[in-house]
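Please look over the sequence and the model before reading on.

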Amino acid sequence: QLQLVESGGGLVQPGGSLRLSCAASGFTLDYYTIGWFRQVPGKERYIVSCISSGGGATNYADSVKGRFTVSGDNAKNTVYLQMNSLKPEDTGVYYCARVPKTYASSCIKNPGLYDNWGQGTQVTVSS
């Protein structure tokens with residue numbers, strides 16, 4: 001069964017950190033780019049970061065550059081999103097999804113091109 005499962009969300013104060021995980025099953029990450037999206041009520045899913053395994057190419061939205069780090073562990077078939085210096089505007093439901101592996105210089109932004117979406121994990125940044 002093809003599946004992506006996110007975990008690691010929670011409530012954190014501004015300036016805090018969280019690490020999200022995206023565990024893949026039923027397929028190998030070697031042939032895919034994994035994207036991390038954020039969604040808030042009433043808005044479309046917004047690409048935050050992406051990673052292509054093998055070469056480990058990574059990209060970030062301007063709003064999270066320098067604060068978020070995406071990484072992958074092919075042995076565990078899992079992708080991580082380390083989020084530091086969190087801000088209230090980082091609040092939302094975070095999803096991971098896959099797209100056939102790309103070598104583009106930036107993430108594919110259109111969520112409609114991704115598949116196998118996970119169920120999402122809530123991140124709330126608030127004092």
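Which residue forms a salt bridge with Asp-90, the closest N and O atoms being 2.8 Å apart? The partner is Arg-67. The model is a predicted one, and the sections below begin with this contact.

## Asp-90 and its partners

Asp-90 lies in the loop between β8 and β9, while Arg-67 lies in the loop between β6 (57-60) and β7. Asp-90 and Arg-67 are both buried.

Asp-90 also meets the side chain of Arg-38 in a salt bridge, at 3.7 Å from N to O. Arg-38 belongs to strand β4 (residues 32-39), and 52 residues separate it from Asp-90, so this pair too counts as a link between distant parts of the chain under the strand numbering used here. Arg-38 is buried, as is Asp-90.

Arg-98 and Asp-115 form a salt bridge in which the closest N and O atoms are 2.8 Å apart. Arg-98 sits in strand β9, and Asp-115 in the loop between β9 and β10 (121-125).

Asp-115 is partly exposed because its relative accessible area is 34%, which falls between the cut-offs of 20% and 50%.

## Salt bridges in the whole structure

A search of the whole structure gives 4 salt bridges. Through shared partners, Arg-38, Arg-67 and Asp-90 are joined into one network.

## The open sheet

The model has an open sheet of 4 strands, in the order β1-β3-β8-β7, and the pairing is antiparallel. At its edges are β1 (3-7) and β7 (68-73), each of which pairs on one side only. On average, neighbouring strands of the sheet are turned by 15° against each other, direction ignored.

How many bridges does the pairing of β7 and β8 run over? Strand β8 (residues 78-83) and β7 pair in the antiparallel sense over 6 bridges. Within this pairing, Gln-82 in β8 stands opposite Thr-69.

Note on methods: Residues numbered from 1 in each chain as written. Predicted model: local features only at pLDDT ≥ 70, side-chain atom pairs only at ≥ 80, totals over all residues. Heavy atoms only, no water. Pairing = 2+ DSSP bridges. Helix = DSSP H or I, 4+ residues; strand = E, 2+ residues; numbered from the N terminus. Axes fitted to C-alpha atoms, helices over the stretch in contact; angles between N-to-C directions. Buried < 20%, exposed > 50% of the residue type's maximum accessible area, 1.4 Å probe, protein only.
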